[in-house]
Amino acid sequence: MHRTPVFATLPARAGLIRLAAAAVLLAAGAAHMSAALAQSYPTRPVRLVVGFPSGTGPDLVARIVAQKLQEATGQGFVVDNKTGAAGLIAAREAAKAAPDGYTLFLGTVGEMAISPSTYTKLGFDPVKDFAPISHVVTSDFAFVVPATIPAKNLKEYVEWGKAQKNLFMGTFGAGTPGHFGIAMLADATQLKMEAVHYKSTGDAMSGVIAGDTQGLFGTLALVSSHVKGGKLRALATSGPARSTMLPDVATAKEQGYPSVEFGAWFGVYAPAKTPNDILDKLNGEVVKAMQAPEVKEKLQGAGFRVAGSSRQDFDRLLREDLPRWEKVVKATGFKAQE
């Protein structure tokens, strides 16, 4: 049998060794350059895209986050409101932005977790097209009813509801978390509830206060003043624990309806393929911002539960919420107009 002399393979082995060494040096150099880039980042203003108008909850949160990031980095963080299509116009634009850390996106549960089940042509993939940075806040909801309805909690409401011919439930628009919250409640209580989709928040609130509708899921910040003023009665909240804004109102879970637990979360994203070192730096600054006492006070006063999570935990939140909302959406048969 012919055998190649050992000495004849040495040049080839030497070449492989040189190639391997070069690859290691190249990787080390790339890592060094990435770390150096993150250390100097940002060197120019950063745009934080928001899909909702000024004065809304997402806009408020975005401006608080942007202000703290600007203070931490010394560079401008500019909130860019790209409104329309329930936040999807902003999401589509942010998904296609250069992955260099200079375009960020304040994503909400609506665009990122619910819309994939309501739109057949979304225009982006929430998991593949975005890099999670941090979950920042969650807004819980309260189920409120006209003060004239003789029910103090969900079980009393169910008994009252069984005797009614029709139950009309107000929403702030088709496809919103409050819309699907009504679907969750109807499924849990076996009450037949017909959604009435109002064009504006003000109209929806007026409708339930007047008794035109017999219930509505509204954010705590929106409904708490009406509850405290006696115009509405809150029968349950949607979070995992009672809210400091309405501490006497039991959660739906406490009252025996664990499936009626949901909230509207907001978080900061970057386009996919943004360098990890930049993502890590941004995560650290966002988490630090959420821990600042003045930030907590302001956001909690606006009805938010403050988070500030790792990149991995935020990614897990989205991946767990996608199938959960898909199930709820399918149960309603709802499809958004393209």
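## A walk through a predicted fold

Q: In this predicted model, which loop holds Pro42?
A: Look between helix H1, which covers 6-40, and the strand S1.

Q: What kind of peptide bond joins Tyr41 and Pro42?
A: The angle to check here is omega, and it comes out at about -5 degrees. The bond between Tyr41 and Pro42 is cis.

Q: Do S1 and S2 pair in the parallel or antiparallel sense?
A: S1 takes in residues 46-50 and S2 residues 77-81, with 5 bridges between them. One spot to look at is Val46, which stands opposite Phe77 in S2. The sense of the S1 and S2 pairing is parallel.

Q: Why does Val78 count as partly exposed?
A: Val78 is found in strand S2. Partly exposed is the band between the buried limit of 20% and the exposed limit of 50%. Val78 falls in that band because its relative accessible area is 47%.

Q: How many Å apart in space are Val78 and Leu104, C-alpha to C-alpha?
A: In sequence, Val78 and Leu104 are 26 residues apart. In space, their C-alpha atoms are separated by 9.9 Å.

Q: Which strand pairs with S9 over 9 bridges?
A: S9 covers 263-271, and two pairings of S9 are worth a look. Strand S3, residues 103-108, runs antiparallel to S9 and is joined to it by 4 bridges, with Phe266 as the S9 partner of Thr108. In the other pairing, Thr138 has Trp265 of S9 as its bridge partner. That antiparallel pairing over 9 bridges is between S9 and S4.

Q: How many of the residues of S9 are buried?
A: Buried takes a relative accessible area under 20%. S9 is mostly covered, and its buried count is 9 of 9.

Q: Is Ser243 buried or exposed?
A: Ser243 sits in the loop between S8, 232-237, and S9. The side chain of Ser243 has a polar atom 3.0 Å from the backbone nitrogen of Met245. Since its relative accessibility is 11%, Ser243 counts as buried.

Q: What volume does the largest cavity have?
A: The search of the whole structure finds 1 cavity of 30 Å³ or more. Its lining includes Phe143, Leu154, Leu185, Phe217 and Val260. The volume of the largest cavity is about 30 Å³.

Q: Which element gives the most to the lining of the largest pocket?
A: The largest pocket has a volume of about 1100 Å³. Of its 42 lining residues, Phe52, Pro58, Phe172, Thr176 and Pro177 are the closest to its centre. Elements that each supply at least two lining residues include H2, S4, H6 (177-189), H8 (220-228) and S9. The most, 6 residues, comes from helix H4.

Q: Is Gln190 buried or exposed?
A: Gln190 lies in the loop between H6 and strand S6, 194-197. Its phi is positive, about 65 degrees, although it is not a glycine. With a relative accessible area of 66%, Gln190 is exposed.

Q: What is the phi of Lys273?
A: The place to look is the loop from S9 to helix H9, 276-291. Lys273 is exposed there, because its relative accessible area is 78%. Lys273 is not a glycine, yet its phi is positive, at about 75 degrees.

Terms used. Residues numbered from 1 in each chain as written. Predicted model: local features only at pLDDT ≥ 70, side-chain atom pairs only at ≥ 80, totals over all residues. Heavy atoms only, no water. Pairing = 2+ DSSP bridges. Buried < 20%, exposed > 50% of the residue type's maximum accessible area, 1.4 Å probe, protein only. Polar contact = N/O pair within 3.5 Å; in protein donor to acceptor, adjacent residues only side chain to side chain. 1 Å grid on protein atoms, 1.4 Å probe; cavity = no way out; pocket = protein on both sides within 12 Å on 5 of 7 lines; lining within 4 Å. Points joined across faces, edges and corners; volume = space filled by probe spheres on them.
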